Amino acid sequence: MNLLAEEIASIISHEGPISIERYMSICLSHPTMGYYMTRDPFGASGDFVTSPEISQMFGELVGLWGAEAWTLAGSPQPPLLVELGPGRGQLMADALRALRVAPHFHSALEVFMIETSPKLVAAQQAKLSGSERPITWLETLDALPHAPAIFVANELFDALPVRHYVRTDRGWCERQVGFANGRFFFGAAPDPEPYLQADAPTGAIVEVAAESQRLMTRLSAHIMKYGGALLAIDYGHTQTQLGETLQAMKNHAFVDPLESPGEADLTAHVDFAALGRAARSTGARVHGPVTQGAFLERIGIERRAEALMKKATVPQQVEIRSSLIRLTSQERPTDMGRLFKAIAVTRPAVEGLPGFLEDIQA
């Protein structure tokens, strides 16, 4: 049992079983032993690979999308480009390079990176050391200027903690993490939650991402007050449904979420319908969700791939084509182009947003 497991076990022994939300939060964000605080999890040498790491095309197109979204929003001044959970900084590096072709946006913007991990901040600062635009790192949104913003969140919402509720003969009880006989286990709280009344068979589980919804509400409220747009890309489902999706990833393989706390990435599929409800509660307009494959194709990834291949060697052409397929394929449910979805938020008057022109539900 590692040191973080011992600390969590001690908390449970003193306070009793804890919520899955709290367990996830400790595992991911403990200041000295949390997963994101102690390692760089991205890329082939880490635990998983994200779209910006697969191809420069992803970040380039997201950057150009931001410029067009800003124009459609009325070119409000001064523009902020804000990335939440920026990984190694690859997306922002590619976005800023591409944005040189949109000088009206590029020359005016100030970049903000919202990141809690000191290790990842160091990686981002190294990646972006030659940036032509000023970049500020913040741990939270609290210090973000009150100004129009283009928010980008790629694989952020899946990493926010969730709560589980299980249907028992007593009603809906919160699913908790307990500890006994040297191991962690899932159990149910003794008292039911009176506000949950959904009809479901005994043993059914509902997953609630309250933290994700609070963040979406906050971002949408900022857009409604100051202007701008939000683009969020993540994996998940388009309709709220029963079932739990908590998973742990280590060395590119699934592992037990209760084994070795802090050593594996803990995530849950994003409920895009719930995010949409949270955004609409502020009066904002929601575009999508659409599949990542459809979104990238609509904003020109195939044209960008063709342009890159004209200047590439044969091995590079093979890599570009492979990356294009990996990012956009929708043949199987687990393909990135189908499993991942894109959703955007703007003020109500914004129309014709790139990638969402038809607002087809994924």
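**View 1. The largest cavity and its lining.** In this predicted model, the largest cavity is lined by 13 residues, and those nearest its centre are Phe157, Ala209, Ser212, Val270 and Asp271. Two or more lining residues each come from helix H9, strand S14 (270-271) and helix H10 (272-280). The volume of the largest cavity is about 60 Å³, and the whole structure holds 3 cavities of 30 Å³ or more. A cavity is a set of points, on a 1 Å grid over the protein atoms alone, where a 1.4 Å probe fits but cannot get out; lining residues have an atom within 4 Å of a point. Grid points are joined across faces, edges and corners, and a volume is the space filled by probe spheres set on the points. Helices (H or I, at least four residues) and strands (E, at least two) are DSSP runs, numbered from the N terminus. Residues are numbered from 1 along each chain as its sequence is written. Because the model is predicted, local features need pLDDT of at least 70 and side-chain atom pairs count only at pLDDT 80 or more, while totals for chains, interfaces and linings use all residues; side-chain values use heavy atoms, without hydrogens and water.

**View 2. The largest pocket.** The largest pocket holds about 900 Å³ of space. Its lining has 38 residues, with Gly85, Ile114, Thr116, Leu156 and Leu160 the closest to the centre. A pocket is an open set of grid points with protein on both sides within 12 Å along at least five of seven lines. H9 (210-226) is among the elements that each supply at least two lining residues, and the largest share, 4 residues, comes from H9.

**View 3. Strands S3 and S4.** S3 (residues 110-114) and S4 (residues 135-138) run parallel and are joined by 4 bridges; strands pair if DSSP finds at least two bridges between them. Phe112 stands opposite Thr136 in S4.

View 4. Thr346 lies in strand S16 (residues 340-346) and is buried, at 1% relative accessibility. Buried means under 20% relative accessible area, exposed over 50%, and partly exposed in between (1.4 Å probe, protein chains only). Leaving out residues up to four places away in sequence, Thr346 touches residues including Ile223, Ala284 and Leu353; contact means heavy atoms within 4.5 Å.

**View 5. Surroundings of His106.** Helix H7 (residues 103-106) contains His106, which is buried with a relative accessible area of 9%. Not counting residues up to four places away in sequence, His106 touches Leu96, Leu99, Arg100, Glu132 and Arg133.
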